[in-house]
Amino acid sequence: MNKRTDYLVSKLISSHSLTADEYRELIEQRDGESTLRLQQEAVRLRKQIYGDKVFIRGLIEVSNICKNDCYYCGIRKSNRLCERYRLSKEEILSCCRDGYDLGFRTFVMQGGEDGAFSDAFLCDVIREIKELYPDCAVTLSLGERSRESYKRLYEAGADRYLLRHETADEKHYSMLHPENLTLASRMECLRALKETGFQTGCGFMVGSPYQTAEHLAKDLKFIGDFRPDMVGIGPFIPHKDTPFADHPAGSAELTCFLLSVIRIIHPPVLLPATTALGTLEDGGRERGILHGANVIMPNLSPTDVRDKYMLYNNKLSTGAESAQKLHELKEKISSVGYRIVCDRGDFINAE
Ligand code: SAM
């Protein structure tokens, strides 16, 4: 590690923040030694706040119908080869029932921006889940909606909302999305979610097409300023039927490095080791946990739709990725020194 990198690592550890230029330099100049020091500090911080606990969330992929056309995403509107589905209220409740019996105490409803998911429908489902399972948290990840809509969903009982900002750079945002989707609108949604009272999550793909270290530096700055309760990052992985089919995947190494950096910037953050990281490399999720992540989101969707929620090539949904194989996941996580726990796993405000 050269002197400058050593200075940047020490500054990040002591002040939990760098300037955007310094983040860029740190990313560009990272090496084995700096990565290891940041990893050790990230692990120290996560242990101080969350001990050896790893929280699990049951992921229910409620619909792959989407009105958006994000260039990277396998369920984008223009992908005619994607076989569409939408779960009914009964199917969603049946996933929750299975999940509850398996030990899940958070259900995440994630899906495309499907017009059939009206506030009335979603509020009804949320109320029913909370009535049946009052000890569980409900997380939503259903894209951009109006401030009023977010308020209704929150009042119906939803606790958390995940909406990745995707990139904090406006020009880069416009290279990943068609014109009707803007960074300004995404940021407005994130502000609205936080102000409504949701535990709010942002995030981005690592190695998305055209991404530079400068873009990542802006993402890190944004996380430091916004102070989200959750941050979802995972490698970009191409999907064969999208405009980005021929772009290379992001790297597991850079994803893990950034997991450590994010833990240090915002120590109490809930940080998943994502399915994309597990898909990219065998043992990816365990590697994420060892770099400061503390959440895993196994798939609780009905098995017959899992292949249809194909955001990128070869997305995992079987084996330890499947909620039904929780015992396999527990073994894998305990083999690296951590412990899966069955509780809501709320954000701990340690600041
Ligand atoms: N529609 C909701 C939204 O936009 O927030 C939730 C579903 S969306 C498919 C969930 C996340 O999947 C996105 O935020 C994006 O970062 C990630 N994603 C989509 N395509 C991907 C790809 N090719 N590689 C890795 N992650 C991808």
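1. Ile129 and Leu258 touch the most other members of the largest nonpolar core, which has 99 residues. Helix α10, residues 252-265, gives the most to this core, with 10 residues. The structure is a predicted model, and the points below should be read with that in mind.

2. Which residues does Leu258 contact, leaving aside its neighbours within four places in sequence? They are Ile27, Phe204, Val206, Leu216, Leu220 and Ile233. As a general remark, nonpolar side chains tend to be buried together in soluble globular proteins.

3. The largest pocket holds about 170 Å³ of space. Its lining consists of 14 residues, and those nearest the centre of the pocket are His239, Lys240, Asp241, Asp307 and Met310. By class, 4 lining residues are nonpolar, 5 are polar and 5 are charged.

4. Lys221 is part of helix α9, which covers residues 213-226. Is Lys221 buried, exposed or partly exposed? Its relative accessible area is 25%. Buried would require under 20% and exposed over 50%, so Lys221 counts as partly exposed.

5. Not counting residues up to four places away in sequence, Lys221 touches Ser17, Leu18, Thr19, Ala20 and Tyr23. Phe198 is 23 residues from Lys221 along the chain, and the C-alpha atoms of these two residues are separated by 21 Å.

Terms used
Residues are numbered from 1 along each chain as its sequence is written. This is a predicted model: local features need pLDDT of at least 70, side-chain atom pairs count only at pLDDT 80 or more; totals for chains, interfaces and linings use all residues. Side-chain values use heavy atoms; hydrogens and water are left out. A nonpolar core is a set of buried Ala, Val, Leu, Ile, Met, Phe, Trp, Tyr and Cys residues joined through side-chain atoms within 4.5 Å. Buried means under 20% relative accessible area, exposed over 50%, partly exposed in between (1.4 Å probe, protein chains only). Helices (H or I, at least four residues) and strands (E, at least two) are DSSP runs, numbered from the N terminus. Contact means heavy atoms within 4.5 Å. On a 1 Å grid over the protein atoms alone, a cavity is a set of points where a 1.4 Å probe fits but cannot get out, and a pocket is an open set with protein on both sides within 12 Å along at least five of seven lines; lining residues have an atom within 4 Å of a point. Grid points are joined across faces, edges and corners, and a volume is the space filled by probe spheres set on the points. Ala, Val, Leu, Ile, Met, Phe, Trp, Tyr, Cys and Pro count as nonpolar, Asp, Glu, Lys and Arg as charged, and the others, Gly among them, as polar.
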